[in-house]
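User: Please take a close look at the charged side chains in this model. Which of them pair up, and where do they sit?

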Amino acid sequence: MAMELIIRASRWVVGGERLKNGLRLPPIRAYMDDMTTITTTRACTKRLLEKLQKNIQWARMEIKPSKSGSISIVKGQLANERFHINNEPVPTILEKPIKSLGRWYSAELKDSKQVEQLKQDTISGLRQINSTALPGKLKLWCFQFGLLPRLMWPISIYEVTLSHANRLERLVNAQVRKWLGLPRCLSSIGLYGSGVLSLPISSLVEEYKCAKARLEMTLTESRDPFVRGAAPTLATGRKWKPSAAVAEAKTSLRHRDIVGHVQHGRNGLGMEATTPTWQKATPAERQQMVVEEVRHQEEAARCAKAVSQAQQGRWMKWEGVERRRITWSELWSMEASRLSFTIRAVYDVLPSPTNLHLWYGEEPACPQCAAPANLKHILVGCKTSLTQGRYTWRHNQVLKCLAAELEKRRVKINSMPPNSQPVAPWKMSFVRGGEK
């Protein structure tokens, strides 16, 4: 309340900057005890600082010039204009960078240094996780819940392009494959896709797009008219635009309202969870719906890429296969070798003779028969193994153990003397209507 009194008592001395749409930005904005002033001339800035200093001294507070900073831009170029508070100079951005609300501003007026620092932080974080003596599953957990959330804030506020996000994800993918014991040829679809097998790992590029779409919705649909009118165009490169992705997501959600609720799967009518419609959703729900739609777009792009993959995309042709989603609790209970075998078997990157022939030129024929020994042939397709009982051998060995134990119990029970006391037949008692 005290800061609001100071702001209202000081902002009337100057006028704010006028936008193209006719709105005039307020000359003073504050968040907690951080205050930002925006004026158009040097004289207006001096007059506003004098009024602010007078009102803050009246409130028994004090401004520290050494912890403040100033940026002066004249015709698109930085100017070395210096301002004073109580005859103490305020450092300019040319002297030292300024940090405001978690974002650094430097003399270059660009985010190139921050983007490079983001890359170094990613490399350093991955190196620290990899240098620990933890197993691969725990290293993966450290990245998912430790490093990735720390990277999302600079990705959201700085002008990080999609190309930089792809480079960061390639660095992450190399370590994730190493931690899970997967070959380097495995596509990123096997790590982040939601096909027949999905892992509890988040894609950095997908989180990047969701963060930019969320920021676009926050700025363009803000309840504050000044924020909504001064919303900047988010710079994400030429490959992907947040505004276009948000517009496409809104169009898809409006079309979904027109189509209505569609039943999926074999569940009964009304058994699936209903989602709020676009027309009746609150602003927070709309933002969440747009972010989820952006995730669906990214998953659709993965499926389109998987169709073009002749070997690792064969799972797209499977019919009647139940989808499996591995959770973190299942990941803890699974052995590392079992998890690696499951992923490699789904995407056909196991060292089968056919794959070894493609990779190293070895003999691709099956040692039991003359057919090519691909993954399907080894698991269920070799007629010689089927005739010799190789596929059912392990199953039969388990059944033999169960049969021996059951036979032992049967002989023991049959050798016991019969019970002399007759067993009373079991009766069911019914309660008539009106009785207790």
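## Charged side chains and their partners

Analyst: Start with Arg 103, in strand β8, which covers residues 103-105. This is a predicted model, and the values here are computed from it. The relative accessible area of Arg 103 is 18%. The cut-off for buried is under 20%, so Arg 103 counts as buried.

Now the salt bridges. Side chains of opposite charge can pair when their charged atoms come close. The whole structure holds 16 salt bridges.

Take Glu 206 and Arg 295. Their side chains form a salt bridge, with N to O at 3.0 Å. Glu 206 belongs to helix α7 (residues 204-220) and Arg 295 to helix α10 (residues 283-307), so the pair ties together parts 89 residues apart in sequence. Glu 206 has 12% relative accessibility, so it is buried. Arg 295 is at 21%, so it is partly exposed.

Arg 295 also bridges to Glu 207, with N to O at 3.1 Å. This pair again links distant parts of the chain: Arg 295 in helix α10 and Glu 207 in helix α7 are 88 residues apart. Glu 207 has a relative accessible area of 17%, so it is buried.

These contacts belong to a wider set. Glu 206, Glu 207, Arg 295, Glu 299 and Arg 302 are linked in a network of salt bridges.

Another pair is Glu 221 with Lys 250. Their side chains meet in a salt bridge, N to O at 2.4 Å. Glu 221 is in the loop between α7 and α8 (225-229), while Lys 250 is in helix α9 (residues 242-259); the two are 29 residues apart, and the pair links distant parts of the chain. Glu 221 has 35% relative accessibility, so it counts as partly exposed. Lys 250 has 16%, so it counts as buried.

Lys 119, Arg 167, Arg 170, Arg 238, Lys 239 and Lys 241 form a positive surface patch. Patch residues need over 30% relative accessible area and no salt bridge. Lys 119 is one of them. It lies in helix α3, residues 112-130. Its relative accessibility is 34%, so Lys 119 counts as partly exposed.

Notes:
Residues are numbered from 1 along each chain as its sequence is written. This is a predicted model: local features need pLDDT of at least 70, side-chain atom pairs count only at pLDDT 80 or more; totals for chains, interfaces and linings use all residues. Side-chain values use heavy atoms; hydrogens and water are left out. Patches are made of residues with over 30% relative accessible area and no salt bridge: like charges are joined within 9 Å, nonpolar side chains (Val, Leu, Ile, Met, Phe, Trp, Tyr) within 5 Å. Accessible areas come from the Shrake-Rupley method with a 1.4 Å probe; for residues, only the protein chains shown count as cover. A salt bridge is a side-chain nitrogen of Lys or Arg within 4 Å of a carboxyl oxygen of Asp or Glu. Lys and Arg count as positive and Asp and Glu as negative; His and the chain ends are not counted. The place of a charge is taken as NZ of Lys, CZ of Arg, CG of Asp or CD of Glu. Helices (H or I, at least four residues) and strands (E, at least two) are DSSP runs, numbered from the N terminus. Buried means under 20% relative accessible area, exposed over 50%, partly exposed in between (1.4 Å probe, protein chains only).
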